[in-house]
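Dear colleague,

I am handing over the structure below, and my notes on what was found in it follow.

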Amino acid sequence: MSLPSVLKSAWAKPVVHLLCLAPLLFLIGSAFADALGANPVEKLTHESGQWTLRLLLVTLALSPLRQWTGTAAWIRFRRMVGLYTYFYCCCHFAIWFIADHSLDLGDMLEDVIKRPYITLGFSAFVLLLPLAITSNQAMIRRLGRNWKALHQLVYAILLLAVLHFLWLVKADYLEPTIYAIIGVVLLLHRVGPMKRFNLKSFTAAR
Ligand code: HEM
């Protein structure tokens with residue numbers, strides 16, 4: 001079976017749904033099994049933050065994958081994975097809002113202003129909202145050219161998200177640095193010579 005036919009098959013989308021839901025199901029299972037460790041809230045905050053960032057990178061990787069492999073079908077999953085990114089971000093935010101601020105809006109906003117890494121994360125969260133709202137076909141048609149311009153915001157979101165992670169780690173910068181490098185590679189795809197790179201023509205030329 002070729003790559004395009006796998007990506008276009010009827011079961012490809014259900015599989016991607018399952019893959020995106022797997023971390024959530026795993027965390028729910030761990031919570032019921034009392035296996036979230038000594039600090040369950042911290043574990044849930046960290047895992048939901050990590051998955052938000054990972055899914056954001058996957059969303060951004062789909063367009064370069066289309067270019068590099070010459071297979072347009074990767075784009076079928078962009079909206080879905082983008083919406084899961086927003087979903088995990090909402091969970092991440094909700095856990096913090098409930099556990100740290102007991103749903104007190106004033107207290108929460110004070111923290112957003114006071115702590116720079118929270119300011120960065122919160123800004124990314126706010127910017128994700130218009131992208132999630134305008135991700136359907138009706139909005140794409142309605143916004144026309146402006147849709148593409150609006151969705152360039154995703155790069156600002158990525159920058160804010162990586163800075164949020166870099167700012168909050170106290171000692172081990174390896175993980176946020178790896179995410180930052182992946183983000184830079186994906187950004188270079190849009191502006192640099194990687195834009196013209198294609199795996200098929202590369203292997204054909206060898
Ligand atoms: C696109 C948006 C966001 C992304 C990608 C993101 C990502 C992350 C990541 C990767 C971590 C670290 C996980 C770890 O250490 O293993 C984290 C931690 C955290 N994030 Fe976010 N985050 C986002 C938005 C937010 C928002 C909106 C808030 C709250 C306003 C927030 C509050 C926190 C807190 C409190 C922590 C834990 C800090 C600590 O351990 O001291 N984040 N986030």
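A polar side-chain atom of His-92 lies 2.7 Å from a nitrogen atom of the ligand, a polar contact being a pair of N or O atoms within 3.5 Å. This is a predicted model, in which local features need pLDDT of at least 70 and side-chain atom pairs count only at pLDDT 80 or more, while totals for chains, interfaces and linings use all residues. Residues are numbered from 1 along each chain as its sequence is written, and side-chain values use heavy atoms, with hydrogens and water left out.

For His-164, an N or O atom in the side chain is 2.9 Å from a nitrogen atom of the ligand, whereas His-46 places a polar side-chain atom 2.6 Å from a ligand oxygen atom. The ligand is surrounded by 22 residues, where near means that a heavy atom of the residue lies within 4 Å. Of the helices (DSSP runs of H or I, at least four residues, numbered from the N terminus), α6 gives the most to this shell, with 7 residues.

Turning to the helix pair, α2 (residues 12–32) and α4 pack at an angle of about 15 degrees with their axes 11 Å apart, the axes being lines fitted to C-alpha atoms over the stretch in contact and the angles running from 0 to 180 degrees between N-to-C directions. Therefore α2 is roughly parallel to α4, a term for angles under 35 degrees. Their contact (heavy atoms within 4.5 Å) includes His-17 and Leu-21 of α2 and Tyr-84 and Phe-87 of α4.

Best regards

Terms used. A polar contact is a pair of N or O atoms within 3.5 Å; within protein, one must be able to donate a hydrogen and the other to accept it, and residues adjacent in sequence count only if both atoms are side-chain atoms. Helices (H or I, at least four residues) and strands (E, at least two) are DSSP runs, numbered from the N terminus. Angles under 35 degrees count as roughly parallel, over 145 as roughly antiparallel, 65 to 115 as roughly perpendicular and the rest as oblique.
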